[in-house]
Amino acid sequence: MTGGLPVSVSGLCVTGAGGRVLLSVSSLALPPGALVGVRGPSGAGKSTLLYALAGLIAARGRVCWGDTDIMPLSAEKRARFRAGNIGMIFQDFLLFEELGAGDNAALSALFLPRAQRRELRARADARLSALGLGNHAGRSVASFSGGERQRVAIARAMASGAPVLLADEPTASLDRGTADRLTADLIGLVRGNGTTLVVVTHDARLIDRMDRVLTIADGALVSDEAAPHGLE
Ligand SMILES: Nc1ncnc2c1ncn2[C@@H]1O[C@H](COP(=O)(O)OP(=O)(O)OP(=O)(O)O)[C@@H](O)[C@H]1O
């Protein structure tokens, strides 16, 4: 892992059916290794921002990770950039029930040349261990609790060694204690690796651990605050 990437966004606009503006961000710049929380009311456009940053939805404007503007890239080049640079934790985990934790965490090895698979598998196992699941790598995730599943999703997102991690509600549906432990583990891992983290969350305690907090309302970036400890 070589540390995070900076992100800069300008003139970003995502529209939905009938041209309705779902998200509009005129300008945003985040330094490498920043831990950034995104909050706001339901339906405000938070997940839309995450998906636009990942280049997973159609949008206008510029989204640069480091020196690379991902917007003009072909779908294939964008997917390749994403695979090498962006780890994603989706709201519903997207795990394969029939596979073990280790196989789920190392899933992206399927898309790598054989020579690099062993390395990715080792990193996936190391992430699982760091998240307290080292002894459960062979167990099918079908029998995992919500907190354990979320840890597998984090291990998978970080196994590729991507310098950027995008997470959508990583503590949703977890009890307070589990959410707090997961938050501590996630932040420890991300800070230790210098990864840039952008996390959408309604969890005030997770927000409170971020360096920076963006508030989205009605499809617009309405505030961008540094180190807002004690908010909400
Ligand atoms: N593919 C789509 N096509 C049309 N509209 C969409 C699409 N995806 C999302 N939207 C709309 O865009 C708006 C923003 O959705 P988004 O999921 O980004 O909100 P959110 O802030 O993440 O909400 P929540 O906190 O409830 O997850 C909503 O009105 C939603 O219905």
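A residue is called buried if 20 or more other C-beta atoms lie within 10 Å of its own, exposed if 12 or fewer do, and partly exposed in between, with C-beta atoms placed from the backbone. By that criterion, buried residues account for 41% of the 232 residues in the protein chain.

The model I am presenting is predicted: local features need pLDDT of at least 70, side-chain atom pairs count only at pLDDT 80 or more, and totals for chains, interfaces and linings use all residues. Residues are numbered from 1 along each chain as its sequence is written.

Let me turn to the overall fold. The protein chain has 7 helices and 10 strands, taken as DSSP runs (helices H or I, at least four residues; strands E, at least two) numbered from the N terminus. Its radius of gyration, over C-alpha atoms, is 17 Å, close to the 17 Å that the globule rule (2.2 Å times the number of residues to the power 0.38) gives for 232 residues, so the chain is as compact as a globular protein of that length.

Beyond its neighbours within four places in sequence, Ala155 is in contact (C-beta atoms, placed from the backbone, within 7 Å) with Ala105, Ala124, Arg127, Leu128 and Leu131.

Key. Contact = placed C-beta atoms within 7 Å.
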